[in-house]
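Thanks for coming. Please have it open.

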Amino acid sequence: MAKWVYLFKEGNAEMRNLLGGKGANLAEMTGLGLPIPQGFTVTTEACTDYYNNGKQISDEIKEQIFTALAHLEELQGKTFGDTEDPLLVSVRSGARASMPGMMDTILNLGLNDEAVEGFAKKTGNPRFAYDSYRRFIQMFSDVVMEMSKTFFEGILDEIKESKGAKYDTDLTADDLKEVIARYKAIYKEKMGEDFPQEPKVQLMEAVKAVFRSWDNERAIVYRRMNDIPGDWGTAVNVQAMVFGNMGDTSGTGVAFTRNPATGEKGIFGEYLINAQGEDVVAGIRTPQPITKLEEDLPECFKQFMEIANRLEEHYRDMQDMEFTIQEGKLYFLQTRNGKRTAPAAIQIACDLVDEGKITPEEAVLRIEAKSLDQLLHPTFDPDALKAGEVIGEALPASPGAAAGKVYFTAEDAKKARGKGERVIMVRLETSPEDIEGMHAAEGILTVRGGMTSHAAVVARGMGTACVSGCGEIKIDEEAKYFDLGGHHIVEGDYISLDGSTGKIYLGDIKTIEASVSGNFGRIMAWADEFRTLGVRTNADTPADTKNAIKLGAEGIGLCRTEHMFFEPERIPKIRKMILSDTEEMREEALWELIPYQKGDFKAMYEALEGKPMTVRYLDPPLHEFVPTDPADIEALAKDMHMTVEEVEARCEELREFNPMMGHRGCRLAVTYPEIARMQTRAVMEAAIEVKEEKGYDIVPEIMIPLIGDQKELKFVKEMVVKIAERVKKERNSDIQYRIGTMIEIPRAALLAGEIAEEAEFFSFGTNDLTQMTFGFSRDDAGKFLDSYYKSKIYESDPFARLDQNGVGKLVKMAVEEGRAVRPDIKLGICGEHGGDPSSIEFCHKTGLSYVSCSPFRVPIARLAAAQAALNSRK
Ligand code: PEP
Ligand code: MG
């Protein structure tokens, strides 16, 4: 018979997967002999069984719960529903990874019409007993039966008013009896049955509610944001109640062994005398700092500090503890490794190393890689944020907090910035024309677009906060307003964005600048020591390159050359090239582009100081570059000596039904070889010049995008080689160079062996590879993915977190085939997944040589790569 239920004394901290974090720690503390109200844990496996069983708790599990309950009754010397001294329990969820706020706690379970009398007798405090019962009815109805809280709040307010009571505490025992009667009546009215009087029924309903809560919307979102698999399940902890609201020698509180915001050493927390847990959180009374407990109850404080220190020593990490004092006796209700901000995580990890408590390896493993975002981007002031009203939520496309006035065009954004205003640019979608507006803005909000859309990719590169794909917005860019969450926002109104959570707030919320301390450098240096995976960056400008190197990039893994043409004086030139319909016209336009391109390459090579750079040849889906603005069309017509109608007709001809699968990537080089020729000349000349001028050992890495066949690569490669050799000869240079390809079309992954015969390196373009493997548009998938999460078809955005089963299988296959043909082939990834910790772990395991990500994600990638290496040593 499987064991589904464990008494606290039967478990320990190692059993986290089975007992959940809370259950495992309660068991561990029991083993340490600490004062813990006893109880038992229903395992995470029981939760999985519940789901596998059509959301039923099996008889075997039920039986084990009741056996454990009988044990608990014996241990406490109390029974469920007793009329003299009833056993009351709390029921709380506890997953493997802590998921704060996933489900509310149920307290005082076991009270019914009879037990409340027994409880009143035992405590000698009928008012307290009835108050506990009415709270229980309210909590049970809300959390377990999902009845709206408002029914109960309404009744309480009515009775308070009729009795002339200002606070809940002004109600007498008799008043509370009336509250209970009304609560039970509304329960019956809404639920169609009486409030359950049998404590065992209450218990089983509560256990089921905890299991159910694993799949509520909040939990699904939380899991997606924190990479927690949906099949882990949650455990349920049933624990004997202790009461902090039994007078002035009772109390309850929460405390951390170090400051969770700053990491500063020393106890940090608060408590309330004569209160239950929810009072501390509810903010009705202002809690006291924990140190004041020393004056109120010195013996308890002494014992509390001893245990707190012992727990930190034991777990070798900062602890977050809940405690209750019942009539002078201290109990610990829970301990766990405390959640902390990124600065605190770094401070604590370094302090613990200095205190000799953990090793640098452990320090590196302790810091959540994603949280480093907080160190590199502004965040909201936590106090200011509390008052913030969320009006919408969309994709967290580029991290950081931003607040400013809303503007709807790049030009307005630029102007406002010029006047010293902080700007949030709101667009239906962004295009390269918006680049200056994006630069001017503190934050960008778009109605369309996914995690790998233009706005997202560019914003991440610049380090500007961006929330994208907010389909709920009704926007009128011309009339300059948008509607969201019942609010009408016009140009000049303030909004605030959190690009790390995707939340959109009303008004101007104060932000705090990022700060990077010396300890950050220590952690990063350790990470670099442990990792085996290289970390490069995706950068297209010298400024981004310099920034990425400062953040630790070891080279450029992807220079998207089309981005080099985003600037206002360059865009018309690339448009001219795209719209030209003869080779001569194209060549002429390309000659105008060469100086820019070469100049950029030179500046990039200089910024890199000898570090490698993979230059990807022109790849743009043409729709990103074709002009739409009448003024742009007119200017272009003038420049090309064409009429506006002719330009419009040409644009129309170029319009594609599926631009992402259209005339882009190497297809441009196949149809217009002069593009590849121009780019080769620009790269080679730049590399040779910088090599000679600065003495760096430069080996250009030329990357051909969107290859699907060996012959296709061979065709482009031959042109590249021809020009490269020609330039070498012209310059009398013996510079070496490499030609490789992106693997971003499923066919390329399937035929990677053949392609490797021509390619000296592969870089996995997992943005397109995901798009084409799933058949999901990178720009539009956000619109329907939510339904997939809700239906549990997919757990996360495959454009943000690599789909290891499907896309990952193609990557693995290509790695194996590529290596078999060319054992020294260099393998990297440059899709957005290169900056995502769980995807980086996959890259490490798959044996890639490096990951490449946007500049601000470089530290995250360094840390995640180190964690992957350390975890695979275990
Ligand atoms: C990719 O497809 O993963 C990639 C890096 O190229 P882009 O995003 O420019 O299409
Ligand atoms: Mg691509």
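Around ligand 1 there are 14 residues, and those that come nearest are Arg560, Arg616, Gly765, Asn767 and Arg778. Keep in mind that this is a predicted model, and every distance I quote is computed from it.

Take the polar contacts of ligand 1 one at a time. The side chain of Arg560 places an N or O atom 2.7 Å from an oxygen atom of the ligand. With Asn767 the backbone is involved: one of its N or O atoms is 2.7 Å from a ligand oxygen. Asp768 also uses a polar backbone atom, at 2.9 Å from an oxygen of ligand 1. How much of ligand 1 does the protein bury? Taken alone, the ligand exposes 290 Å², and the protein buries 97% of that.

Asp768 brings me to the metal. The magnesium ion is ligand 2, and its protein donors are Glu744, through OE, and Asp768, through OD, at 2.0 to 2.1 Å. Where in the chain do Glu744 and Asp768 sit? Glu744 is in the loop between strand 30, residues 738-743, and helix 29, residues 746-750. Asp768 is in helix 31, which covers residues 766-774.

Is Met660 buried or exposed? Its relative accessibility is 11%, and the cut-off for buried is under 20%, so Met660 counts as buried. Leu713 is 53 residues from Met660 in sequence, and their C-alpha atoms are 19 Å apart in space.

Last, the cysteines. How many disulfides are there? The count comes to zero, taking a disulfide as two cysteine sulfurs within 2.5 Å. Cys559 is in no disulfide: the nearest cysteine sulfur belongs to Cys830 and is 11 Å away. Cys559 has a relative accessible area of 0%, so this residue is buried. Cys300 counts as buried too, because its relative accessibility is 5%.

That is the last item on my list.

Notes
Residues numbered from 1 in each chain as written. Chains lettered and ligands numbered in written order. Predicted model: local features only at pLDDT ≥ 70, side-chain atom pairs only at ≥ 80, totals over all residues. Heavy atoms only, no water. Buried < 20%, exposed > 50% of the residue type's maximum accessible area, 1.4 Å probe, protein only. Donors = N, O, S within 2.8 Å, 3.2 Å for Na, K, Ca; no water. Helix = DSSP H or I, 4+ residues; strand = E, 2+ residues; numbered from the N terminus. Near = heavy atom within 4 Å. Polar contact = N/O pair within 3.5 Å; in protein donor to acceptor, adjacent residues only side chain to side chain. Areas by Shrake-Rupley, 256 points an atom, 1.4 Å probe, with all protein chains shown as cover.
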